[in-house]
Amino acid sequence: TQSTRPQRILGAVQQNATRGDPRSVVRAIDQYCRNQEWAMNVGDEKGCILDSVVSEVNPATVLELGTYCGYSTVRIASLLPPHAKLITLEFNPEFAVIARQVIAWAGLEDKIQLVEGASGDLIPKMKEQFGVETFDLVFLDHWKDRYLPDTKLMEECGLLRKGSVLLADNVICPGTPEYLEFVRSSPRYESQYFKSHLEYTKVEDGLEKSVFLG
Ligand SMILES: O=C(NC/C=C/[C@H]1OC[C@H](O)[C@@H]1O)c1cc([N+](=O)[O-])cc(O)c1O
Ligand SMILES: [Mg+2]
C-alpha cells in the first residue's frame with residue numbers, strides 16, 4: 001500500500017538521524033524535503049530565524065499551533081532550558097501519529113506534550129487541563145485563517161502576559177492578511193517582520209514577531 005508523505009518523512013528521520021540527537025532529526029528532514037519531496041515544515045532558512053527568537057525569549061512555556069510532522073516542535077524544544085515545557089496542538093490524527101515518533105526519535109518526549117484536537121476547542125482548556133498560567137512564546141503555524149481568532153482567544157483566556165511573544169509562520173505565503181493587519185495596527189502589539197522564503201523554495205515568505213504589550 002502507498003505510503004503518505006508524513007510516513008516518508010519519518011522514514012528519512014529513522015534512516016538518517018541519530019536517536020537522541022534533535023539537530024540530526026532537523027537536518028534529516030530538511031535534506032529529505034529539499035532533495036526528495038517538498039513538505040510544509042518551517043524549514044532551514046526560516047528555522048534559523050525561529051532559533052534566534054527562541055534563544056532571545058528563552059521561554060519556560062511554549063505553545064505551538066500546528067505540529068504537522070514535528071519539525072519545528074523538535075527545533076524549538078532542542079533550544080529550551082531544562083524544565084521548560086512545549087505544548088503543541090495538532091488537529092490531524094495522521095500527522096500526530098508521525099509527529100509523536102519524530103519527537104521520540106529526537107528524545108524530547110519529556111519537554112513536549114502533543115495534544116490532538118482543534119485549537120479553538122483546546123485553547124480555552126489550557127489552564128485547567130494542562131496547568132498553564134501564561135505562554136512566554138507562541139509559534140503559529142496551523143490553518144492560516146485560525147491565526148487571528150486563536151490570538152484573540154488566547155487574549156480572552158488570559159494566556160498572554162505583558163511581553164509574551166507571538167511568532168507567526170507564512171504571513172506572506174500562503175498568507176495571513178487579517179492576522180497581519182491586526183497585529184500591525186493594534187496598540188497592544190509591537191510587531192516586526194522577518195523577511196525570508198517559503199521553505200525549500202525561492203518564493204518570498206516571512207515570520208512576523210509580535211510582542212503582546214498587555
Ligand atoms: O497550511 C499550512 N500549514 C497549516 C497546516 C494545516 C494542517 O495541519 C493542521 C491541520 O491538521 C491541517 O491539516 C502551510 C502551507 C504552506 N504552503 O506552502 O502551502 C506552507 C506552510 O509553511 C504551512 O504551514
Ligand atoms: Mg508554515
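User: How many positive and negative side chains does the protein chain have?

Analyst: There are 23 positive and 30 negative side chains. The centres of the two sets lie 3 Å apart. Lys and Arg count as positive, Asp and Glu as negative, and His and the chain ends are not counted. Each charge is placed at NZ of Lys, CZ of Arg, CG of Asp or CD of Glu.

User: What kind of model is this?

Analyst: This is a predicted model, where local features need pLDDT of at least 70, side-chain atom pairs count only at pLDDT 80 or more, and totals for chains, interfaces and linings use all residues. Residues are numbered from 1 along each chain as its sequence is written, chains are lettered from A and ligands numbered from 1 in the order in which they are written, and side-chain values use heavy atoms, without hydrogens and water.

User: OK. How many helices and strands?

Analyst: The protein chain has 10 helices and seven strands. These are DSSP runs, numbered from the N terminus: helices are H or I with at least four residues, strands are E with at least two.

User: What share of the residues is buried?

Analyst: Of the 214 residues, 53% count as buried. Buried means under 20% relative accessible area, exposed over 50%, and partly exposed in between (1.4 Å probe, protein chains only).

User: Is D141 buried or exposed? And D169, buried or exposed?

Analyst: D141 is buried, at 14% relative accessibility. D169 is buried too, with a relative accessible area of 0%.

User: What about N170: where is its place?

Analyst: N170 is in the loop between β5 and α9. N170 is buried, at 4% relative accessible area. Its phi is near 65°, a positive value in a residue other than glycine. Most residues other than glycine have a negative phi.

User: Where is the cis peptide bond?

Analyst: From C173 to P174, with omega near 5°. P174 is found in helix α9.

User: Back to α8. Which of its residues are buried?

Analyst: Y147, L148, D150, T151, L153 and M154. They pack against β1, α6 (119–122), β4, β5, α10 (177–185) and β6 (189–197). Just after α8, G158 takes a positive phi of about 65°.

User: Last one. Where does F135 lie, and what is it in contact with?

Analyst: F135 is in the loop between α7 (126–130) and β4. F135 counts as buried, at 1% relative accessibility. Leaving aside neighbours within four places in sequence, F135 is in contact with T61, V62, L63, I87, M126, L159 and S164. Contact means heavy atoms within 4.5 Å.
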